[in-house]
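Here is a short briefing to read alongside the model. Take a look at the structure first, and then we can go through the ligand site and the domains together.

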Amino acid sequence: MGQGFNHQVFRISDVGGMRTPFYYYDISLLRATLDEVTRLTAGGVMRVHYAVKANFNPRILREIASSGLGADLVSGGEVKAAVEAGFKPQDLAFSGVGKTDWEIRLGLDYGIGCFNVESIPEMEVINELAGEMGVTARVAIRVNPDIDAHTHKYITTGTAANKFGISMDALDDVIDRITTLPHVHLRGLHFHIGSQITQMAPFEMLCDTVNRLQDRYEERGIRFEMINVGGGLGVDYDHPDEHPMADLECYFSTFKRGLRLREGQELHFELGRAIVASCGSLISRVTFVKENRDKKFAILDAGMTDLIRPALYQAHHQVQNLTSTSAVCEPYDVVGPVCESSDVFAHDCLLPLTRRGDLVAIRTAGAYGESMASTYNLRALPGCAFSD
Ligand code: LLP
């Protein structure tokens, strides 16, 4: 077996017969990460909702539900999957700018803990549907704090140019409006500034914004039951073995230090990537090695349909040859078979001498990997295997 992979009980013999490509999940690393989240948020004030969009593999969801976390959802499909996996309805938060009527009804029917509401029209529809069903909807207002998270532009969500949330200038009007709606109960404020954030500065700025807003509304006699600061904590894609866990300690302590929470107020988080990214690898086989004039290509049976992050966000994932024992390393462009020039996992990646049939691991692929897979080119969806 190739170098690295020391956090995964990965044996080629276990999976040699499996059809590639497939996602391989290290359940013990997932559990260790969940234990760390639980340890760092103990005490009842902090509640973590796992962002299901990062990975909704049923086995992964069951594992996370049984650790006691809540779930953050963005579609009716995710609401159903979360309930099936064992998350408690009161621990569900439903986000998203475009919830349709059936999705809102579904959430109301389950009695979910919170709708994170992104506009006045959405709030009015939630009020109307809740009234029809004879229930009260619990909501939080998603605020767009206009903070640049300094991450890839496709995963920046909290600036004024993004479609997400309600701008700070409109917040007074929205709160005034909401208090006139009879079937809606305002629980708090919700924020999410972006994803794969590895510096704490944007989170510190978020804390300042939350503190200012809380002071402002307290003067007006409005107190919130909870503040939800979203997710966004990044992982180390370059060093998967050295840093198999996100810096959870630093992340939670940034908020503990930076926020002035009020008596009895809950603090909610919505972490996705930081919980599942490191525990997953995409395992693939080399179909051909091909040489052009000045390049060597390792052509895999996995492509952008299995893991779209490199093509969509120019994301870097470490690629490892698990089979080759060669001491000679060479640069390869590691590519997939899909008919798109962006179907490239890595350029000039140094790998030991690579041959047709070798198994390759694309690391740190547990978040937004399997969940973003598609059947473009009529390719089959990737399979999955688990280490426990
Ligand atoms: N809460 C809300 C409202 C979100 O929109 C997201 C992610 C999260 C929480 C979880 O964020 P996380 O902790 O995972 O950073 N497909 C992209 C990431 C898109 C993130 C979308 N929203 C990628 O592969 O990098």
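The shell around the ligand is made up of six nonpolar, five polar and six charged residues. Keep in mind that this is a predicted model. The shell takes at least three residues from each of domain 1 (7–21 + 278–387) and domain 2 (28–275).

**Ligand site**

- In total, 17 residues surround the ligand, and the closest are Ser195, Glu270, Arg309, Tyr313 and Tyr368.
- Ser195 places a polar side-chain atom 2.4 Å from an oxygen atom of the ligand.
- Glu270 has a polar side-chain atom 2.7 Å from a nitrogen atom of the ligand.
- For Arg273 it is a backbone N or O atom that lies 2.8 Å from an oxygen atom of the ligand.
- On its own the ligand has 590 Å² of accessible area, and the protein covers 92% of it.

**Domain layout**

- The chain is divided into two parts, domain 1 (7–21 + 278–387) and domain 2 (28–275).
- Taken over C-alpha atoms, the centres of domain 1 and domain 2 are 33 Å apart.
- Domain 1 gives 22 residues to the contact, and domain 2 gives 20 residues.

**Between the domains**

- The size of an interface is often given as the accessible area lost when the parts come together.
- Here, about 2,200 Å² is buried between domain 1 and domain 2, with carbon and sulfur atoms giving 53% of that area.
- Nine residue pairs are in polar contact between domain 1 and domain 2, counting pairs with both residues at pLDDT 80 or more.
- There is one salt bridge between domain 1 and domain 2.
- Arg363 forms a salt bridge with Asp241, and their closest N and O atoms are 3.1 Å apart.

Notes:
Residues numbered from 1 in each chain as written. Predicted model: local features only at pLDDT ≥ 70, side-chain atom pairs only at ≥ 80, totals over all residues. Heavy atoms only, no water. Near = heavy atom within 4 Å. Polar contact = N/O pair within 3.5 Å; in protein donor to acceptor, adjacent residues only side chain to side chain. Areas by Shrake-Rupley, 256 points an atom, 1.4 Å probe, with all protein chains shown as cover. Nonpolar A, V, L, I, M, F, W, Y, C, P; charged D, E, K, R; others polar. Domains from an automatic or database assignment. Contact = heavy atoms within 4.5 Å. Buried area = accessible area lost by both parts, 1.4 Å probe. Salt bridge = Lys/Arg side-chain N within 4 Å of Asp/Glu carboxyl O.
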